[in-house]
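Biologist: I am new to this protein, so please take me slowly through one part of it, the stretch towards the end of the chain. A few words on the whole would help me find my way.

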Amino acid sequence: MVKMRTIRVGAGRVRLQTQPKPQPGQPPLYSGTFDCFRKTLTAEGVRGLYRGMAAPIVGVTPMFAVCFFGFGLGKRLQQRKPDDVLTYPQLFAAGMLSGVFTTVIMAPGERIKCLLQIQAATGETKYSGSLDCAKQLYREAGIRGVYKGTVLTLMRDVPASGMYFMTYEWLKNILTGKSVSDLSAPRILFAGGLAGIFNWAVAIPPDVLKSRFQTAPPGKYPNGFRDVLRELIREEGVASLYKGFTAVMIRAFPANAACFLGFEVAMKFLNWVAPGL
């Protein structure tokens, strides 16, 4: 799934998703997105809003390259001729393939980011940074420790990426009458922003499970996401699967609007430089 990592609203998302259930009579650690933002800023300063961003920033360029490559490959695999127009279910399937490809990069980056953000929230200092976190995870549990939560990342990114690209193509066709050359910058921004919102509407529940699982102590959830799901539903209800919804939606529209604008501009430039490529 394509998820732009921009301002540190993502820190609020992870902290809201993983905050423990309050004791009876006690208020929750964060009452909502803006309370989390205020407390993080007060306790950790501006740097706290960008905690754990090194790993996603390092991976963001190859991740998007792989993401759009996967979508393009998914389309070509379903076309008999290069100019065949795909149906929306076929576009959804092509988007799902891109989610499989990006998980290879996303899973370890998400694991490291979540651990660093939770560490900052609890006040503990086990990891000095992203590289140190990766080293310790590998030392403790090998490559499986680094890639813990990969199945949940797939469960999040595969359907969400399908929704992401299908929605963008659908809106693009509505806004331009299927003539892509008529796609102006404001239309690209609008279509890309809404695609991001639809993407996250699908992705939030598995994302909550993933954040909980990736930051849990070893052995807490022996049956994987099923244990996480049962615990959340039993203790906090179905609504807990949508923790961090506000934080995600604040980021989703502008970040993904910019993502698709950059993609379309890059494609137009490449077609101009090398039209036969």
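Modeller: Let me begin with the naming: a helix is a DSSP run of H or I with at least four residues, a strand is a run of E with at least two, and both are numbered from the N terminus. Please also keep in mind that this is a predicted model. The protein has 9 helices and 0 strands, and from the N terminus on its elements read α-α-α-α-α-α-α-α-α. Of its 277 residues, 47% are buried. Take the contacts between residues at least 6 apart in sequence: 76% of them join residues at least 24 apart.

Now to your stretch, starting with helix α7, residues 185–215. On one side, its axis and that of helix α6 (residues 150–176) come within 8 Å and cross at roughly 170°. An angle over 145 degrees counts as roughly antiparallel, so α6 is roughly antiparallel to α7. By class, 20 nonpolar, 8 polar and 5 charged residues take part in this contact of α6 with α7.

Helix α7 also packs against helix α8 (residues 225–236), at an angle of about 105° and with the axes 10 Å apart. Angles of 65 to 115 degrees count as roughly perpendicular, and therefore α7 is roughly perpendicular to α8. From α7, the residues that meet α8 are Val 208, Leu 209, Arg 212 and Phe 213. Their partners in α8 are Val 228, Leu 229, Glu 231, Leu 232 and Glu 236. Sorted by class, the contact of α7 with α8 has 6 nonpolar, no polar and 3 charged residues.

Follow the chain beyond α8 and you reach Gly 244, in the loop between α8 and α9. Buried means under 20% relative accessible area, so Gly 244, at 9%, counts as buried.

Then comes helix α9, residues 245–273. With 29 residues at 1.5 Å a residue, α9 should span 42 Å, and its end C-alpha atoms are 41 Å apart, which agrees. Along the way there is a kink of about 35° at Ala 252, shortly before the proline Pro 254. Ala 252 is also one of the buried residues of α9.

Thr 103 lies in helix α4, residues 88–122, and counts as buried because its relative accessibility is 3%. Beyond its neighbours within four places in sequence, Thr 103 is in contact with Pro 108, Thr 150, Thr 153, Leu 154 and Asp 157. Between Thr 103 and Val 151 there are 9.0 Å in space, C-alpha to C-alpha, and 48 residues in sequence. Lys 75, in helix α3 (residues 54–78), is partly exposed, with a relative accessible area of 26%. Not counting residues up to four places away in sequence, Lys 75 touches Leu 86, Leu 91 and Ala 94.

Terms used. Residues numbered from 1 in each chain as written. Predicted model: local features only at pLDDT ≥ 70, side-chain atom pairs only at ≥ 80, totals over all residues. Heavy atoms only, no water. Axes fitted to C-alpha atoms, helices over the stretch in contact; angles between N-to-C directions. Parallel < 35°, antiparallel > 145°, perpendicular 65-115°, else oblique. Contact = heavy atoms within 4.5 Å. Nonpolar A, V, L, I, M, F, W, Y, C, P; charged D, E, K, R; others polar. Expected span 1.5 Å × (residues − 1). Bend = angle between axes of the 7 residues up to and from the residue. Buried < 20%, exposed > 50% of the residue type's maximum accessible area, 1.4 Å probe, protein only.
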